[in-house]
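Keep the sequence and the 3D view at hand while reading.

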Amino acid sequence: MAAISEHPSWPDPNPNPNPNSAPDPPSFLSPLDDEHRPQSPEQSVQDDGGDGDDGTDRGGLDNQPFIESPNPSPNPSLYAVPTPSALTLLHLSFNQDHGCFAAGTDRGFRIYNCDPFREIFRRDFDEGGIGVVEMLFRCNILALVGGGSRPHYPPSKVMIWDDHQSRCIGELSFRSEVRAVRLRRDRIIVVLDHKIFVYNFADLKLVHQIETVPNPKGLCAVSQQQGSLVLVCPGGQKGQVRVEHYGARKTKFIMAHDSRIACFALSQDGQLIATASTKGTLIRVFSTADGTLLQEVRRGADRAEIHSLAFSANMQWLVVSSDKGTVHVFSLKVNLGSTGSEKARSSPEPNSQGVHSIPSFFKGEHY
């Protein structure tokens with residue numbers, strides 16, 4: 001069971017339910033410039049689990065007079081300013097609309113814009129690494145989990161980071177390592193090796209937990225459509241996928257493959273799921289409503305490790321990447337009529353209150 005601690009008071013609510021609007025962008029994703037100085041999380045939450053100067057030593061040369069030698073033979077190592085060592089990449093993930101992606105490193109995290117590609121934000125921590133970074137569209141709230149050889153936070157905790165305050169405003173603690181985190185405007189989903197926990201974002205209350213087969217990759221996907229939540233995770237046996245329809249209050253099990261599930265992807269509206277097994281030869285597309293196999297495509301004849309699957313925004317294309325160093329793009333030929341009728345019949349979640357259920361610490365969207 002998770003232990004929860006949170007900030008005693010949450011800032012005023014100011015959600016932006018219309019993603020097409022363009023309010024003034026807050027500081028979270030402001031472009032970097034020459035004057036940028038990453039801030040350290042001095043006010044970050046304390047770990048209750050028990051678990052202007054650059055600091056360069058110049059050897060007092062700045063305080064000594066300079067004497068020119070007639071035969072100068074300077075020692076480069078004496079005067080060279082040490083450069084930072086290369087970063088170690090620990091994590092990569094897109095935000096919900098795939099307009100940005102986050103990179104966790106052994107010294108913090110960075111946010112990048114996809115088109116045009118550029119780094120637009122960073123946080124560097126001296127104390128250690130970030131193994132999971134989950135964005136929530138382009139707002140000021142992120143979910144962080146420590147990682148690497150020197151984790152900045154315990155790997156068994158999910159830290160809710162408010163970048164407007166430059167500190168953590170809440171945390172979720174577990175008895176085992178967190179494998180993945182998924183965010184919606186109304187839910188936080190935390191993936192462990194054998195369990196998945198679903199929390200209400202507004203008050204961090206647990207609303208559901210799911211038992212799964214061993215899930216070291218943290219496989220889990222959630223829809224982003226307002227009002228009705230569809231969650232997909234590994235089922236209770238090999239090759240099985242579990243689909244939770246929270247709005248319709250039903251659970252669907254799909255026997256997708258004979259081998260273990262290696263990867264899957266859910267469409268934004270939660271109607272389609274694409275799956276791949278550890279063989280990596282066939283990709284199958286199912287309806288999440290009734291589990292019907294809608295299309296099957298072949299990546300190749302040789303065994304491959306599938307790294308990622310992704311639907312296009314208009315659900316006309318499916319992209320597959322693997323350890324073969326290739327990316328396959330398949331045209332989708334699925335009939336969405338049946339899934340569309342199911343979507344029309346689905347009702348909002350029992351506890352859903354529309355935009356009023358969005359937590360109060362959101363500061364709006366960025367450009």
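The text below takes the pocket and then the patch.

The model is predicted: local features need pLDDT of at least 70, side-chain atom pairs count only at pLDDT 80 or more, and totals for chains, interfaces and linings use all residues. Residues are numbered from 1 along each chain as its sequence is written, and side-chain values use heavy atoms, without hydrogens and water.

**The largest pocket**

Its volume, the space filled by probe spheres set on the grid points, is about 1400 Å³. The lining has 48 residues, and S93, F94, R182, C220 and L309 are the closest to the centre. A pocket here is an open set of points on a 1 Å grid where a 1.4 Å probe fits, with protein on both sides within 12 Å along at least five of seven lines; lining residues have an atom within 4 Å of a point. Strand β22 gives the largest share of this lining, 6 residues. Strands are DSSP runs (E, at least two residues), numbered from the N terminus.

**The nonpolar patch**

W317, V319, V327 and V329 make a nonpolar surface patch of about 360 Å². Patch residues have over 30% relative accessible area and no salt bridge, and nonpolar side chains are joined within 5 Å. β23 (317–322) and β24 (327–331) each supply at least two of the patch residues. W317 lies in β23, and V329 lies in β24.

Exposed means over 50% relative accessible area, buried under 20%, and partly exposed in between.

| Residue | Relative accessible area | Class |
|---|---|---|
| W317 | 41% | partly exposed |
| V329 | 52% | exposed |

Key. Patches are made of residues with over 30% relative accessible area and no salt bridge: like charges are joined within 9 Å, nonpolar side chains (Val, Leu, Ile, Met, Phe, Trp, Tyr) within 5 Å. Accessible areas come from the Shrake-Rupley method with a 1.4 Å probe; for residues, only the protein chains shown count as cover. A salt bridge is a side-chain nitrogen of Lys or Arg within 4 Å of a carboxyl oxygen of Asp or Glu. Helices (H or I, at least four residues) and strands (E, at least two) are DSSP runs, numbered from the N terminus. Buried means under 20% relative accessible area, exposed over 50%, partly exposed in between (1.4 Å probe, protein chains only).
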